[in-house]
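This briefing walks through one protein structure, topic by topic, for a reader who is meeting it for the first time. Please keep the sequence and the 3D view at hand while reading.

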Amino acid sequence: MNLFPKAACFAALVLAGLTATAQSYRNSIGLSIGTLHLRTLDQQASPLRYGGTVYPLYGFRFHHHSDQSQFNLRLSGGMGLLNPERFGPRTYSTKLGDGTPFSYQISSELYHVNIEADYLRRVGGAEPGRFNTWVGGSISESLLYADEVANFPWLINTATFSPVVQTDYTFAAGHSLTLRVDMAVVGLITRAIWASFPKSTADNNVVAYFKQGTHPATVGKLGDVKVQLGYSYRLSPRLSVGAMYRARYLSYPDPRPVRAFSSSIALEGEVHF
């Protein structure tokens, strides 16, 4: 009996089954590690421009998709340093009452947390090997906090809704590029009040800061634009690796103008199931 035809047929069926299984994976979980750079001029906090780095920046992503829609949940965060670009960390020296020399350094720790969820729908039919476009909306919460900016705690928190446009391009087997743009149209922004620090006899400092410094905002005053470029390579039906670059511009005029530009780059890995 010639077993070769039967073995070849069995192998073809197994490969076909694996391919079908790979195509049926609808979910993935990913982890990332990278770095974030921030430059900001917050005239309410200081006349100096500050620059900082968050490293490492850790990220988590859950992705679910069908032929016509996709859902993404992303979390990222980390800590680093934020200092005036002109001076950097500053060291001050003095003498105690008994003449003992004493020195201390001002260098602000920087904390960043971002949570984002979006839902997208495909525009047109799926076209493998060509551009595929998705549109939808994103809800995000982003926190930047430093403990020593002009001798005061510094915080900017935004909770926004943004329309999203995303384009995917599969340029070779297993290789794809993604370009995504979103701009906030409505949300809440929390900043320091005119007095720079909240005053309250009923609430603690954190609660008072958010109560007194949080205001609704629309695209007419709030500038919050994000651009994301990603690359992904499918190592196997179960595993993908890739890289992502993301840039964000934030501006708001009250109580005094703030402008902030941040950019991050990260390496990613995903498991499909």
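Predicted model: local features only at pLDDT ≥ 70, side-chain atom pairs only at ≥ 80, totals over all residues.

Helix H2 makes the greatest contribution to the lining of the second largest pocket, giving 4 residues to it.

- Sorted by class, the lining of the second largest pocket contains 7 nonpolar residues and 1 polar residue, with no charged residues.

**The chain as a whole**

- The protein chain contains 2 helices and 14 strands, and of its 273 residues 37% are buried.
- When contacts between residues at least 6 apart in sequence are considered, 64% of them join residues that are at least 24 apart.
- The chain exposes about 15,300 Å² of surface, and carbon and sulfur atoms supply 66% of that area.

**The cavity**

- There is 1 cavity of 30 Å³ or more in the structure, and the largest cavity holds about 50 Å³ of space.
- Lining the largest cavity are Thr40, Asp42, Ala45, Ser46, Leu48, Tyr50, Leu82, Val149 and Trp154, a set that divides into 6 nonpolar, 2 polar and 1 charged.

**Aromatic rings**

- A pair of aromatic rings is described by two quantities, the distance between the centres and the angle between the planes.
- The structure holds 4 aromatic pairs; in the pair of Phe131 and Tyr169 the ring centres are 4.4 Å apart and the planes stand at 15°, so this pair is stacked.
- One aromatic cluster is formed by Phe131, Tyr169, Phe171 and Tyr231.

- Ile156 lies in strand S8 and is buried, because its relative accessible area of 3% is under the 20% cut-off.
- In sequence Ile156 and Leu143 are 13 residues apart, while in space their C-alpha atoms are 6.0 Å apart.
- With its neighbours within four places in sequence left aside, Ile156 is in contact with Asp42, Ser142, Leu143, Leu144, Thr190, Arg191, Leu250 and Val258.
- Ala184 sits in the loop between strand S9 (175-183) and strand S10 (186-190), and at 1% relative accessibility Ala184 counts as buried.
- The C-alpha atoms of Ala184 and Gly223 are 7.2 Å apart in space, although the two residues are 39 residues apart in sequence.
- Residues up to four places away in sequence not being counted, Ala184 touches Thr160, Phe161, Ser162, Val219, Leu222 and Asp224.

**A partly exposed tyrosine**

- Tyr111 is found in strand S6 (residues 108-123), and with a relative accessible area of 30% Tyr111 is partly exposed.
- Tyr111 and Thr53 are 58 residues apart in sequence and have their C-alpha atoms 9.7 Å apart in space.
- Beyond residues up to four places away in sequence, Tyr111 touches Gly78, Met79, Leu143, Leu144 and Tyr145.

**Cis peptide bonds**

- Most peptide bonds are trans.
- The bond from Tyr55 to Pro56, however, is cis, with omega near -5°, and Pro56 has its place in strand S2 (residues 50-65).
- The peptide bond from Asp254 to Pro255 is also cis, with omega near -5°, and Pro255 lies in the loop between strand S13 (239-252) and strand S14 (258-272).

Note on methods:
Residues numbered from 1 in each chain as written. Heavy atoms only, no water. 1 Å grid on protein atoms, 1.4 Å probe; cavity = no way out; pocket = protein on both sides within 12 Å on 5 of 7 lines; lining within 4 Å. Points joined across faces, edges and corners; volume = space filled by probe spheres on them. Nonpolar A, V, L, I, M, F, W, Y, C, P; charged D, E, K, R; others polar. Buried < 20%, exposed > 50% of the residue type's maximum accessible area, 1.4 Å probe, protein only. Contact = heavy atoms within 4.5 Å. Areas by Shrake-Rupley, 256 points an atom, 1.4 Å probe, with all protein chains shown as cover. Phe/Tyr/Trp six-rings, centres within 6.5 Å; stacked < 30°, edge-to-face > 60°.
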